[in-house]
Amino acid sequence: MAEQAVNMAVFGSDEGVVSAEAKRVFTEWTQGTDSFAHEIIDGSCATVDEADSLCAEVIAALRTPPFFPGPKVVWLRGANFLGDTVQARSEIVQRRLEDLADCLGRLPVQMRFLLSAGGIDKRRSFFKKLQLYAECREFTKIDTARQGWETELSSLVIRTAEKRGLQFSSQALELFIHRVNESSRQIASELDKIDVYLGPSRRQVTEEDVELMVAVSRTGVVFEISRALEAGNCRQAIALVNRQLEIGEQPVAIMRAAVIPSMRNCLVAGVLIKTYGLSAANSREFEHWIASLPAEAQAIIPRKKDGSLSVYPIFLAARRCAETPLHVLKKRLAACADADRALVSSGLDARDIFYKLFAALTA
């Protein structure tokens, strides 16, 4: 039986990891060979005709034997027409991809094919054949709509930070994962900034370092406001809301996305603490504890879009309001409801409403 050529497909929604892994494989495969022996073909295209031409170019490159000693690597880099796109659904492109898959099955051992792509439609016959002729590695972003995403993202950040010799305090890590998104590329970029800022003499990342160096994303602002209110930091909460109002964010949107959920989470945490003896030692134990609660207790916990319990915000609230009496937590949530009505129905300035509310919530 003839020896099979070496091929690989690296794809997935986590573009940073896909790009880095494909580059690593290409470097490994081409090490010690002449750079002119290999071909890198840009896989970005906008039309069906461009996708068809790209496939034809790859096939032609794979059918052209190497002119130098050693293997020849053909890298289709950053292909954007293999997912559920207009180009991929075209019969012309589908036929051309079938030709490419058949070509891979007949490659001589001195030829190597490397594919990197943001996504590949796994329902298509091209992917099924690709699995036969190439090693497929998929890298997907962490799904922040799924329960437990904070733990997954924390683990990713810790692993990435350790490669740079960085260590996070628990508060710094908590703040970091809510300021960045799930993209490993952004995580690496923000860690590089922190690495340079700290310098070689300090490797411990503090909460203050994250606040100074890591930009707050749109979704991160919601966490920041909630965090400030739960910690009783009126000044920071006001500054964050003012910043959002200045960039045109609607006052009611701020109230209902950040303020009301924060106070509701505190009340839910307070009820669970007083009624069921909840303990907020760490997030993983907390999740197991929540899962063991009776149905009537779980019914008061907010849920995510996928229907799963939104546990992590309750865990954070439980750590910060464990000693607050229930009647105080109820009073705070009622104050939020009054402020929300004022924003909708009164002619009062939104800033005045927020200032008075935050003073009451953090008193």
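**Exercise 1.** In which helix is L272 found? Then decide whether L272 is buried or exposed.

*Solution.* The model is predicted: local features need pLDDT of at least 70, side-chain atom pairs count only at pLDDT 80 or more, and totals for chains, interfaces and linings use all residues. Residues are numbered from 1 along each chain as its sequence is written, and side-chain values use heavy atoms, with hydrogens and water left out.

Step 1. L272 is found in helix α12, residues 251–276 (a helix is a DSSP run of H or I with at least four residues, numbered from the N terminus).

Step 2. L272 is buried, because its relative accessible area is 0% (buried means under 20%, exposed over 50%, partly exposed in between, with a 1.4 Å probe and protein chains only).

**Exercise 2.** Describe the lining of the second largest pocket by helix and by class.

*Solution.* Step 1. A pocket is an open set of points on a 1 Å grid over the protein atoms alone, where a 1.4 Å probe fits, with protein on both sides within 12 Å along at least five of seven lines; lining residues have an atom within 4 Å of a point.

Step 1. Of the 17 lining residues, V17, L156, T160, K163 and S184 lie nearest the centre.

Step 2. α6 gives the largest share, 4 residues. α1 (15–30), α6 (149–162) and α8 (184–198) each supply at least two.

Step 3. The classes are 5 nonpolar, 4 polar and 8 charged residues (Ala, Val, Leu, Ile, Met, Phe, Trp, Tyr, Cys and Pro count as nonpolar, Asp, Glu, Lys and Arg as charged, the others as polar).
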